[in-house]
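Have a look at the structure first, then read on.

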Amino acid sequence: MVEVLYQDLSKKDFKYYYIGIPRDWKGARDNEVTVVVSDICVIIPQTISGATGELKVLRLLEAMMEGGIINAGDIQKAIEHIL
């Protein structure tokens, strides 16, 4: 299940922005996550934090496709550039 949330970044302090995560997100059961911030922010629940990079990348790409952020053609092009 992918849920697309559009949020403004008005909840903030002098150092951080605070982004809401739905309470029914299955990753929230861990009560602890790893947050990776670069050009894209990725939140990884601890239950899969030790998983192979392949699982994380596939889940990220799947969620981005389901959310309408990218399409399969974009993924194919990116992989071709990497290889």
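1. Buried residues account for 8% of the 83 residues in the protein chain; buried means under 20% relative accessible area, exposed over 50%, and partly exposed in between, with a 1.4 Å probe and protein chains only. This is a predicted model, in which local features need pLDDT of at least 70 and side-chain atom pairs count only at pLDDT 80 or more, while totals for chains, interfaces and linings use all residues. Residues are numbered from 1 along each chain as its sequence is written, and side-chain values use heavy atoms, with hydrogens and water left out.

2. The protein chain has three helices and two strands, in the order β-β-α-α-α along the sequence. These are DSSP runs numbered from the N terminus: helices are H or I with at least four residues, strands E with at least two. The C-alpha trace spans about 40 × 30 × 25 Å along its principal axes.

3. What share of the contacts between residues at least 6 apart in sequence joins residues at least 24 apart? In the protein chain that share is 10%, where contact means heavy atoms within 4.5 Å.

4. I75 sits in helix α3 (residues 72-82) and counts as buried because its relative accessibility is 14%. Leaving aside residues up to four places away in sequence, I75 touches L61, M65 and I70.

5. Now for N31, in the segment before β1 (33-37). Is N31 buried or exposed? N31 counts as exposed, because its relative accessibility is 74%. Its phi is worth a glance: the value for N31 is near 60 degrees, which is positive in a residue other than glycine. Most residues other than glycine have a negative phi.

6. The largest pocket holds about 1,600 Å³ of space. Of its 35 lining residues, E3, W25, I43, L60 and A63 are the closest to the centre. On a 1 Å grid over the protein atoms alone, a pocket is an open set of points where a 1.4 Å probe fits, with protein on both sides within 12 Å along at least five of seven lines; lining residues have an atom within 4 Å of a point. Grid points are joined across faces, edges and corners, and the volume is the space filled by probe spheres set on the points.

7. Which element gives the most to that lining? The answer is α2, with eight residues. β2 (41-45), α1 (46-49) and α2 (53-66) each supply at least two lining residues.
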